[in-house]
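Please look through the sequence and the model shown below. The report that follows takes up the ligand, the domains, the core and the chain as a whole.

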Amino acid sequence: MEKLSEMLVVPNSVARSDFHEIIRMIDRSRLERILHHGTKAPSGDNTQPWRFAVKGDTVYVYALPELDNPILNIEARGTMIAIGALVENISIAAQEDGLDTAIDLSHGEDDAVARVHFDERDRSGHPLFHTIEKRHTNRNPYHQIIQPSFFEHLRDIHEGDARALLVTDRHAIETIAHSSVLMEEAALRTKKLHRSFFDSIFWDENKNENGEAGMYIKTMELPPPVQLLFRALNFWPVTATLNRIGFARGAALGNSALYARTGACIAVILTGTTQEDFINAGRCMERAWLTTTAEGLAAQPLAGLLYLAEYVRRTNDPDIASQLRKRILAAQESIEQAVGSKGVVMILRIGLPHRPASARTKRRAPHITYEQ
Ligand SMILES: Cc1cc2nc3c(=O)[nH]c(=O)nc-3n(C[C@H](O)[C@H](O)[C@H](O)COP(=O)(O)O)c2cc1C
């Protein structure tokens, strides 16, 4: 609720219509606080592919899939996962603020991918609220031991047809690590993927402070000599030349060893493939990630390979060599075998990190329009 002092600033001379406008603006600040927390959600390459319209007590969420990776964002699936995480945050922040939410993910003529309707409730608070600001991606190595009591908290995370599954078997974790890095190898081996990967990276700290979309280099946790090398790798002829002496494979093997330094993995699985299913998958991912954060553990999504496999399956892109295509599809199959389920749409590696993240990725202010 707003503070009484904020409600008392209306002078007697204010006309009745202005008075209502001020009351509405007070409501706006409450809503904007909730949306601010919503946009702390993760998105692929921090693209923040969303905007909002507010009508009365309902927020309409619109997706901006064109901001996401043009190759990997098949059927806007990555965008919808990010929107799901956003909706989950909004729901948690609203409850913290004494509001219930009714969430409608149906297709409508308004083109919104989600409509969130708010209602006053008689209590406030949500146990995961304070983890929204703390949650972030940590790409460092993790310890391989996790307190088994933590796993209890992860049981039963589901939303619609999506659910989170825990993978603790060491061999399965190593398989996931080893298979996921084919994404990095493909990005270094294929001119087209190389371009889209390097186009998403930026070096400027000010851009990060302004909430710019993309991967801020410091969050990638590269050792300093590799950071320097990265500037040169931006040029395809340099990468192509280094590949002749096995650079792409070597880099992938290095990352595989890093990803295996993980306590457990959380896989989000789906039986359906609709837009609503992927939004629900995003809600599950975010709930699992916030729960992980609440336990003082770190997380990193390993999702690129899953999307790349979908791209390869649906297109006959001659830019990706046929041998590499086969390996990408086999890697996806290995991940599903390791998880013990089909329909894996997100993997989070989790664990107690060796060190904190070197930098946090920032957000731009939410884009909100108010409609009558
Ligand atoms: C759908 C989706 C896919 C992602 N894929 C990867 C990935 O493959 N590797 C990775 O390191 N991070 C991945 N991320 C993490 C984002 O890069 C990260 O959430 C974003 O840059 C914002 O940073 P933050 O999580 O620290 O707030 C993914 C996030 C989402 C939502």
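## The ligand between two domains

Domain 1 (17–133 + 363–371) and domain 2 (136–351) both contribute residues to the shell around the ligand, so the ligand lies between them; the bounds of these domains come from an automatic or database domain assignment. This is a predicted model, in which local features need pLDDT of at least 70 and side-chain atom pairs count only at pLDDT 80 or more, while totals for chains, interfaces and linings use all residues. Residues are numbered from 1 along each chain as its sequence is written.

The ligand is surrounded by 18 residues, the closest being Pro42, Asn46, His136, Ala303 and Thr361, where a residue is near a molecule if its C-beta atom, placed from the backbone, lies within 6 Å of it. Both α3 (77–96) and β10 (298–301) supply at least two residues of this shell, and the largest share, three residues, comes from α3. Helices (H or I, at least four residues) and strands (E, at least two) are DSSP runs, numbered from the N terminus. By residue class, the shell around the ligand divides into six nonpolar, nine polar and three charged residues, with Ala, Val, Leu, Ile, Met, Phe, Trp, Tyr, Cys and Pro counted as nonpolar, Asp, Glu, Lys and Arg as charged, and the others, Gly among them, as polar.

## Where the domains meet

The C-alpha centres of domain 1 and domain 2 lie 25 Å apart, and 31 residues of domain 1 are in contact with 33 residues of domain 2, contact meaning that the C-beta atoms of two residues, placed from the backbone, lie within 7 Å. On the side of domain 1 that touches domain 2, α3 and α4 (131–134) each supply at least two residues, and α3 gives the most, with 11 residues. The residues of that side divide into 18 nonpolar, eight polar and five charged.

## The nonpolar core

The largest nonpolar core has 89 residues, and those with the most contacts inside it are Val61 and Ile83. Such a core is a set of buried Ala, Val, Leu, Ile, Met, Phe, Trp, Tyr and Cys residues joined through C-beta atoms within 7 Å; a residue is buried if 20 or more other C-beta atoms lie within 10 Å of its own, exposed if 12 or fewer, and partly exposed in between, with C-beta atoms placed from the backbone. The largest share of this core, 11 residues, comes from α3, and domain 1 and domain 2 both give residues to this core, so it lies between them.

## A buried glutamate

Glutamate 184 is found in helix α7 (residues 182–189) and counts as buried, because 21 C-beta neighbours lie inside 10 Å. Not counting residues up to four places away in sequence, glutamate 184 touches Ala251, Ala252 and Asn255; from alanine 252 it is 68 residues apart in sequence and 6.0 Å apart in space, C-alpha to C-alpha.

## The chain as a whole

The chain has 15 helices and 12 strands, and buried residues make up 39% of its 372 residues. Among contacts between residues at least 6 apart in sequence, 79% join residues at least 24 apart. Along its principal axes the C-alpha trace spans about 80 × 45 × 40 Å.
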